[in-house]
Amino acid sequence: MTELEEWEKVKQALRKPATPEAMKEAAQAFAKYRVVQLTKGKGSKPTLVTLGRGRGYPNAVPVDKIPEELAKNPNFFNLMKRVVK
Amino acid sequence: MPTVLLLSDYDLPTRSASGFLLRNIVPRVEPVQLYAILARRRPFQLSAPQSDIIIGIGHGDAIGFSGQNEVVILEVGRYDPREVEGKVIKLLSCQTGIALGPDLIKNGATSFLGYVDDYVWVCDSDLAATPWTDKMAATCLMPVVDSLNTLLDGKTCQEAIEIEKNGYSRNAEVEEDELLKACLEFNRDNAVLLGDPEGRVRARPKLPLPFRLVPPPPILMPLRR
């Protein structure tokens with residue numbers, strides 16, 4: 001499966017309301033997408049950051065931890081839903 | 001007239017964003033930067049009334065903008081209008097375009113540039129000691145730097161926001177990583193200009209050509225975990 005197809009799955013999962021099932025689905029889809037991306041050999045420690053205050057999710061989430069955060073935190077799920085349209 | 005440049009630096013997002021301004025904006029403005037522990041309410045209160053432009057980096061929400069360690073700098077209904085009257089204000093922060101921006105304009109600010117949702121980007125935490133070298137973060141933060149340089153060249157706020165939005169679009173077009181691309185498009189769609197689109201400030205001298213050869217100041221402060 002190509003990167004774009006994997007990303008499309010992330011987008012589809014994030015379109016759903018933040019139920020535990022949808023959050024798990026989005027987490028799995030994102031993890032698969034990152035596996036595809038990481039094979040391209042981008043090193044370093046990419047981290048998703050925001051300048052929000054008191055939003056109910058961390059201001060810095062390492063990209064490889066995004067699936068975990070997506071699966072457990074509905075506020076973070078909703079942020080990703082807004083970012084990934 | 002000095003520039004008020006308030007740069008919080010206590011966690012990864014503030015370090016990353018402030019690092020880009022330390023490298024690219026600080027060398028061309030007067031030395032009254034409120035950096036790190038100086039990014040607090042009292043120094044801001046003292047310097048803001050004398051400036052024509054306020055540039056801030058810090059965490060925020062719909063009603064407030066904070067400095068170092070989330071100390072409140074500007075909050076709806078809790079500041080002296082003299083601090084913002086007649087000024088161009090740019091806040092790199094989340095959601096301040098929702099209620100704080102309109103409140104600043106209501107209290108006499110000429111123009112406000114901010115965002116109506118979170119400001120998100122991907123940075124490399126391995127580069128926290130030299131954030132200005134982070135190419136991943138640069139895709140989002142250099143359009144902000146370009147927009148600020150446009151303002152400091154004496155151009156209008158409308159021109160500045162167009163430069164920023166065009167920068168995001170241009171970078172999104174060539175970005176291969178879908179997450180980075182989504183962040184760029186998200187920030188572009190949420191960037192707002194309130195107040196007078198023709199608002200402008202006194203032009204600052206351009207940077208002398210060899211400035212990039214001069215190393216930026218070392219960042220020694222540890223980040224909050």
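What percentage of the 85 residues in chain A is buried? Buried residues account for 38% of them, a residue being buried if 20 or more other C-beta atoms lie within 10 Å of its own, exposed if 12 or fewer, and partly exposed in between, with C-beta atoms placed from the backbone.

## About the model

This is a predicted model, in which local features need pLDDT of at least 70, side-chain atom pairs count only at pLDDT 80 or more, and totals for chains, interfaces and linings use all residues. Residues are numbered from 1 along each chain as its sequence is written, while chains are lettered from A and ligands numbered from 1 in the order in which they are written.

## Chain A

Let us start with chain A, which has four helices and two strands. Helices (H or I, at least four residues) and strands (E, at least two) are DSSP runs, numbered from the N terminus. From that end, the elements of chain A follow the order α-α-β-β-α-α. Of the contacts in chain A between residues at least 6 apart in sequence, 45% join residues at least 24 apart; two residues are in contact if their C-beta atoms, placed from the backbone, lie within 7 Å.

## Where the chains meet

Chain B brings 28 residues to the contact and chain A brings 20 residues. On the side of chain B that touches chain A, helix H1 (12–24), strand E8 (120–124) and helix H6 (178–190) of chain B each supply at least two residues. E8(B) gives the most, with five residues. That side of chain B divides into 13 nonpolar, six polar and nine charged residues. Here Ala, Val, Leu, Ile, Met, Phe, Trp, Tyr, Cys and Pro count as nonpolar, Asp, Glu, Lys and Arg as charged, and the others, Gly among them, as polar.

Strand E1 (residues 46–50) of chain A runs antiparallel to E8(B), and five bridges join them; two strands pair if DSSP finds at least two bridges between them. Within this pairing, Thr50(A) has Val120(B) as its bridge partner. Asp118(B) sits in the loop between strand E7 (111–115) and E8 of chain B, and is buried because 24 other C-beta atoms lie within 10 Å.

## The sheet of chain B

Chain B also has an open sheet of six strands with mixed pairing, in the order E2-E1-E3-E6-E7-E9. Strand E2 (34–35) and strand E9 (191–195) of chain B are at the edges, each with a single partner strand, so one side of each lacks a neighbour in the sheet. E9(B) is joined to E7(B) by five bridges, and the two run antiparallel. Leu113(B) stands opposite Leu193(B) in E9(B).

## Helices packed on H6(B)

Helix H5 (residues 157–174) of chain B and H6(B) have axes that come within 9 Å and cross at roughly 160 degrees. Axes are lines fitted to C-alpha atoms, for helices over the stretch in contact, and angles run from 0 to 180 degrees between N-to-C directions. H5(B) and H6(B) are therefore roughly antiparallel; angles under 35 degrees count as roughly parallel, over 145 as roughly antiparallel, 65 to 115 as roughly perpendicular and the rest as oblique. The residues of their contact divide into three nonpolar, three polar and four charged.

The axes of helix H4 (residues 135–152) of chain B and H6(B) come within 10 Å, crossing at roughly 20 degrees. H4(B) and H6(B) are therefore roughly parallel. Met136(B), Thr139(B) and Cys140(B) in H4(B) meet Leu180(B), Cys183(B), Leu184(B) and Asn187(B) in H6(B). This contact has five nonpolar, two polar and no charged residues.
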